[in-house]
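User: Hi! I would like to learn how to read a protein structure step by step. Could you take my questions one at a time?

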Amino acid sequence: MPSVKRRASFLLLLLTSLFFSLPSFAATTAELFSKIEEKKLYADIRWRKLLFYTPKPFSSPRSIFDTPGTFLSPDGMRDPQKEMIALAAAIVLPVEDFPDPEKHALCRFPARSKFLIKELGLAPDTLPQPECKLVEQWKERNKIDRVSLVFSSYFTNNPASLFGHTFLQLHKGKDASSGSKLLDLAVNYAAHPPEDAVGLFYYLEGAFGKFPGQYDVMPFYVKIQEYNNYEQRDLWHYELNFNNEDLERLIDILWELEHAAAGYFYFDDNCSLVILMTLDAAKPNLQLYESLSHPWIIPVDTLKAVTDTPGLVRAIDYTPSTRTKFLERYQQLNDDEKNLVKRIISDNSLLGATKDLNALASPTSKAKVLDTVVELLDFKDDIAGSDLGKTYKTLRMEILSQRSQISAKPETISPRRDDEAPHLGHRSSRFGLGYRGGSEQSIDAEWRPAFHDLLDNAKGFPSGLQIEFMNTKLRYRLDEKDLTLKDFTLIKIMSLPTMDPIIRSPAWTLGVGGRQDTNCGSEGTDTCLVHYAGGGIGETVVFFREHLVLYAMLRADILAISDGYDQFAIEPGITLGSIARLGQTTGLHMSVLPSKRFTSERQRIFHEAKVELSQALGKRFALRLDATYLGDENVSVGLKAQFYQ
Amino acid sequence: MKLKKLIYSIVSSLLMAGLLCSSASFAQEKVKKKKKAAKSEGASEGSGSYRAPYGMAGCGLGSIIFKSNTNSSQSTAVTSNALIMNQLFGITSGTSNCVETPAETAAVERQVFITANFSSLSKEAAQGDGMHLRAFADVLGCADAQTLPVFADLSRTNHGRIFSSEEPTVVLKNYLDVIKANKELASSCERLGA
């Protein structure tokens, strides 16, 4: 072959191979859009979860977030397709267009971008490659290798705590931490009301969604100070079965949404729900939100959604509150040591106890007493953060000074009681159907949306705490064949502290509601509707390690009576009661409630007494038998079946 | 059924939304005393041996106390500069607003730790053990098997000298002085700062 031809064909071959080995063209928006449409990827449930969409009663599903910047499309909050298209268009934009590469969609929305890239099968080298330094540095610095859902538990003197609260614990890996949970990270979601929010408006604004909610990230030790030390609430850590990909996605989601605010703070958008939805978005096969069984969500319900999912919880850890630590230390003391503790506290000084302290059998014994006292006064003063005390500040300093001279280490305490684990509690709403015989033969139907009374199955609950919302009772009287709303309790709370008398807390109760009263009219025999609001305060006495609790309270109610005769009344009274528990499933509650009703016209004395026996049958059923005395003409016995949902 | 759900959620939310997780935010509270403490942190101490690193003055953390929020079931952590929590630990902001170098990050972490855990640390240092004491050792880089017992013992035997003040900043300075004066700890603890 002539050499010119050879060279020419070689050149042709070279040019051709060069043409085919040119770098692939960058992905175009047209290509992305057609792939998206082909797969209808915007309808994928995982995409909706990443956008935090929830079903709405009167409209199509919508995101709980509405802050500008949470979505690329102006309709992103309600249109998953538009948002996906906007994201696709944004991720192919050249990096040069962004003076700050962190503003590029691939850096701003790492979770959504990675979803799109993976599901569309896009090759990374066909896309822009901005340097997303901040998130990478954060991941590198913290090396998160596990995540737990943390639940802050109950405290008897704070009935609102009965609903609990959930937040996340991001555990740092071994290379980033020595393993102390204090140095892990807490991720909390909460409303951030403006500083001038006040009082009643605060409640109403909260109810109608005026406060933006937001994620906060902080060292875990802040939460320990807040919950364990300031609020006296134990922490239960439920470690989740998340793999590395899930953890990466979780961090990416928190990154995308760190400044996102959920503007609508309805009851069904509260913080525990957002945390639950965050878990759903991070781990694709989770359906925690769908598994919730009521439209209203109590934080402990979200915890149960997690623990009821097989294989999701790997391990359970526990961090005790100051109160729990004190009770445990106190139990470890002998009688002499206990008496010393009592004396030091009541004196608010070490002076009177010094001789006896130094006469104790060993320095270890003295250390135990001092450790117990300091725990008690930390509990009494709710010592947390930088606070060094109010009432007992000087005593605390003296105790620590003496303690530092003893080399004995503090006793180890392992106060965790697995049968009090909050996820074991019965479900939050309760239905009841029963028959009542005696002076008022009737069939009663009852519904209580939330939450727990003194006779419900005690497993997973603290003893002596009752909180009930919107307890509704309908009564169908068999003799008169009429159906009435017998009772509506807007709220009823009862707190019966069952601790050793060393911690003196009063027993108290509070109740607001309405009921059908049979003591109306001039003769006091008519039936009418009575609205009441009132409360009481008193004492409890505990026997047999809380198996028997006696309480006595002084009460007063304000009544609004609609019988055309009296208008208002004040009704002071006394309540004496006893609760005997045989294990967590059986309880007997006896009470007498004499009272005197004062109206503008006259006064009447009322007697009321009740004996109620409750037997739980597993976690979802219970039977109740009661005998009620409301006056000589009004004695009845009832049997009720209850179902928890 | 949907209408029922709506009614339930409205009525329930009137009652419960106010109680549930309304506020665990970090409120900014300009308390004069705390501001003073924050300022002194940025300036040199009299002895000149402890000087807050560059940039920290703007992130001064005088103290952290907790306040009950009577309107909700949560409390509020009140600092003299509300920004520090999310600036330091927030995912997007990192430490970029407060500090310039890793050494300063360590300084801020020491400061925040001792302030937030002050009461617990004072207790556990006197006891010679505890999870706060061990975590503080970790923050200072004194947490390995040989160093930790020395650290714990030194904390206990010097408790009076270290916790001679109610101001976390001063206590931190005392603590670091005591540690650096101990030959073994001065060489084995990794994050004591200058």
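Predicted model: local features only at pLDDT ≥ 70, side-chain atom pairs only at ≥ 80, totals over all residues.

## Salt bridges, disulfides and packed helices

User: How many residues apart in sequence are the parts tied together by A:Glu83 and A:Arg112?

Analyst: The closest N and O atoms of A:Glu83 and A:Arg112 are 3.5 Å apart, and the two form a salt bridge. A:Glu83 belongs to helix α4 of chain A and A:Arg112 to helix α6 of chain A, so the pair ties together parts whose separation in sequence is 29 residues.

User: Does A:Arg314 count as buried, partly exposed or exposed, and what is its relative accessibility?

Analyst: A:Arg314 meets A:Glu239 in a salt bridge of 2.9 Å, N to O. A:Glu239 lies in strand β7 of chain A and A:Arg314 in strand β8 of chain A, so the bridge ties together parts 75 residues apart in sequence. A:Glu239 counts as buried because its relative accessibility is 12%. A:Arg314 counts as partly exposed, at 41%.

User: Where in chain A is A:Ile298, and which residues does A:Ile298 touch?

Analyst: A:Ile298 is placed in the loop between α11 and α12 of chain A. At 0% relative accessibility, this residue counts as buried. Not counting residues up to four places away in sequence, A:Ile298 touches A:Phe163, A:Ser428, A:Ala450 and A:Phe451.

User: Is the link of A:Cys107 and A:Cys132 left-handed or right-handed?

Analyst: A disulfide is a covalent bond between the sulfur atoms of two cysteines. A:Cys107 and A:Cys132 are joined by one, with 2.0 Å from S to S, and both residues are buried. The angle about the S-S bond is -85°, and the link is left-handed.

User: How many residues apart in sequence are the parts tied by B:Cys142 and B:Cys189?

Analyst: In chain B, a disulfide joins B:Cys142 to B:Cys189, S to S 2.0 Å. This link is right-handed, with 120° about the S-S bond. B:Cys142 lies in the loop between α6 and α7 of chain B and B:Cys189 in the segment after α10 of chain B, so the parts tied together are separated in sequence by 47 residues.

User: Is α6(B) roughly parallel or roughly perpendicular to α9(B)?

Analyst: Helix α6 of chain B packs with helix α9 of chain B at an angle of about 70°, their axes being 13 Å apart. Angles of 65 to 115 degrees count as roughly perpendicular. The angle therefore makes α6(B), relative to α9(B), roughly perpendicular.

User: Which residues make the contact, and of what class are they?

Analyst: From α6(B) come B:Leu133, B:Phe136 and B:Leu140, and from α9(B) come B:Leu172, B:Tyr175, B:Leu176 and B:Ile179. This contact of α6(B) with α9(B) has no polar and no charged residues, and seven nonpolar.

How values were computed. Residues numbered from 1 in each chain as written. Chains lettered and ligands numbered in written order. Heavy atoms only, no water. Axes fitted to C-alpha atoms, helices over the stretch in contact; angles between N-to-C directions. Helix = DSSP H or I, 4+ residues; strand = E, 2+ residues; numbered from the N terminus. Parallel < 35°, antiparallel > 145°, perpendicular 65-115°, else oblique. Contact = heavy atoms within 4.5 Å. Nonpolar A, V, L, I, M, F, W, Y, C, P; charged D, E, K, R; others polar. Salt bridge = Lys/Arg side-chain N within 4 Å of Asp/Glu carboxyl O. Buried < 20%, exposed > 50% of the residue type's maximum accessible area, 1.4 Å probe, protein only. Disulfide = S-S within 2.5 Å.
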